[in-house]
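Me: Hi! I have a protein model open and could use a hand reading it. Can we go through it together?

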Amino acid sequence: MSNIIFKNVCKDYGNTQVVKNLNLEINPGERLVLLGPSGCGKSTTLRMIAGLEKITSGELYFGDKLMNDIEAGERNIAMVFQNYALYPHMTVWDNITFGLRMNKLEREEIEKRAREALKILNLEGLEKRYSKELSGGQRQRVALCRAVVKQSPFFLLDEPLSNLDVQLRNSSREELVKLHNLYRPTFVYVTHDQIEAMTIGHRIAVLNKGYLQQIDTPEKIYNNPVNIFVAKFIGMPQINILRVNINEGDILFKNNRIKLSDEKRKLIEKRSEVYLGIRPEYVKVNRDKTENSMKGNIAKIENYGSQKCLLITINGEEKVMASVPNDSDFKRYEDVYIKFSKKNMLFFDIATENNIEMEQ
Ligand code: ADP
Ligand code: MG
């Protein structure tokens with residue numbers, strides 16, 4: 001297995017730059033997820049790895065081999081797209097093993113690989129069916145099988161689960177991880193779905209408008225987002241971003257004074273204003289006033305199943321979202337007191353929107 005390295009890679013279509021000075025190293029055997037909104041350059045990045053798009057400037061390496069001018073067919077890559085196409089005149093078994101037979105692999109090896117993949121993807125028993133006799137989800141799994149049996153050192157996937165219904169997507173995520181563990185290729189997975197990114201990736205690379213924003217583990221991306229864009233893109237319900245004043249190292253928010261830990265205070269005491277970021281699960285809601293708490297009123301309640309989200313107005317205007325267990329009995333228009341968990345407050349610069357703690 002080898003790594004994939006982008007060095008100052010740019011991709012233009014005419015006058016539009018779609019990938020901007022990308023520097024990224026994907027480790028051998030790692031599951032890396034490219035995450036970002038539609039149009040941010042994910043597929044283009046993946047297609048440059050596959051050799052399906054020419055690189056405008058910069059260098060792409062596999063290990064120490066420069067790949068810029070190597071043909072797609074010479075790159076030893078397995079790839080699965082959102083719109084996969086199976087051979088309609090072939091059975092499931094033939095679709096999966098066709099490439100291996102063409103490569104004259106030994107029959108026993110072909111059988112072994114195909115059986116393993118069919119088992120992980122719950123396709124056993126369907127070997128003799130034709131593509132038209134399968135559901136959409138089953139077809140997509142056959143496409144995954146066909147790619148994985150190649151055992152290429154690089155496995156590239158472009159939104160392969162987007163066409164599936166929610167339940168199937170949930171179970172498929174687990175299966176993808178099992179597929180990867182079969183022989184641990186370098187795995188690059190494109191998605192706009194943050195849950196998929198968090199559950200599949202060893203690391204996540206977040207892209208926005210052609211720029212790499214941050215690359216790190218799911219935990220770090222969630223808890224230490226590099227800027228407001230990343231903070232908002234990850235996490236559902238979304239993080240609260242509040243514009244607040246600083247006074248003698250305390251936060252002033254709508255006539256409330258919020259004391260900080262010494263560590264957090266040091267970060268911001270020299271400023272007059274910052275954006276305070278706090279995730280809804282770190283906003284504590286109480287019926288009784290406690291030290292450092294702020295009075296608010298519940299404007300709206302959204303039920304997310306696993307939790308309820310309270311939209312709380314402070315001083316009748318600014319809104320703060322708090323998540324509470326589903327069985328809590330808060331009522332709409334009720335007065336409550338909220339408190340932000342000290343260690344989970346994030347601070348962003350007003351001008352750059354970058355995480356102040358990570359700029360140090
Ligand atoms: P993503 O996969 O993140 O949704 P893409 O990598 O497909 O985004 O596209 C990035 C940007 O490049 C988009 O704005 C898209 O319109 C543009 N683009 C993609 N392919 C072409 C092309 N062949 N010609 C011109 N523009 C393109
Ligand atoms: Mg795409």
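**Walking through the model**

Me: Where is Lys 342?
Reply: Lys 342 sits in the loop between β19 (335–340) and β20 (346–348). Helices (H or I, at least four residues) and strands (E, at least two) are DSSP runs, numbered from the N terminus.

Me: Before we go on, what kind of model is this?
Reply: This is a predicted model, where local features need pLDDT of at least 70, side-chain atom pairs count only at pLDDT 80 or more, and totals for chains, interfaces and linings use all residues. Residues are numbered from 1 along each chain as its sequence is written, chains are lettered from A and ligands numbered from 1 in the order in which they are written, and side-chain values use heavy atoms, with hydrogens and water left out.

Me: Thanks! Back to Lys 342: how accessible is it?
Reply: Lys 342 is partly exposed, because its relative accessibility is 39%. Buried means under 20% relative accessible area, exposed over 50%, and partly exposed in between (1.4 Å probe, protein chains only).

Me: OK, the whole chain now. How many helices and strands are there?
Reply: The chain has ten helices and 20 strands. Its C-alpha atoms fill a box of roughly 75 × 45 × 35 Å, taken along the principal axes.

Me: And what share of the residues is buried?
Reply: Of the 360 residues in the chain, 51% are buried.

Me: How many salt bridges does a search of the whole structure find?
Reply: The search finds 22. A salt bridge here is a side-chain nitrogen of Lys or Arg within 4 Å of a carboxyl oxygen of Asp or Glu.

Me: Which residue does Lys 11 form a salt bridge with?
Reply: Lys 11 pairs with Glu 53, and their closest N and O atoms are 3.7 Å apart. Lys 11 is in strand β1 and Glu 53 in the loop between α1 (42–50) and β4 (57–62), so the pair ties together parts that are 42 residues apart in sequence.

Me: Are those two buried or exposed?
Reply: Both Lys 11 and Glu 53 are buried.

Me: What about Arg 141, which residue is its salt-bridge partner?
Reply: Arg 141 bridges to Glu 175, with the closest N and O atoms 2.8 Å apart. This pair links distant parts of the chain, with Arg 141 in helix α4 (residues 136–148) and Glu 175 in helix α5 (residues 166–183), 34 residues apart. Arg 141 counts as buried because its relative accessible area is 8%, and Glu 175 is buried at 6% relative accessibility.

Me: New topic: how do β9 and β10 run?
Reply: Strands β9 (residues 203–208) and β10 (residues 211–216) run antiparallel, joined by five bridges. Two strands pair if DSSP finds at least two bridges between them. Ala 205 stands opposite Ile 215 in β10. The two strands form a hairpin with two residues between them, and Lys 209 in the turn has a positive phi of about 50 degrees.

Me: Last one: what is the peptide bond from Met 236 to Pro 237, cis or trans?
Reply: That bond is cis, with omega near -5 degrees. Pro 237 is in the loop between α8 (228–233) and β11 (240–247).
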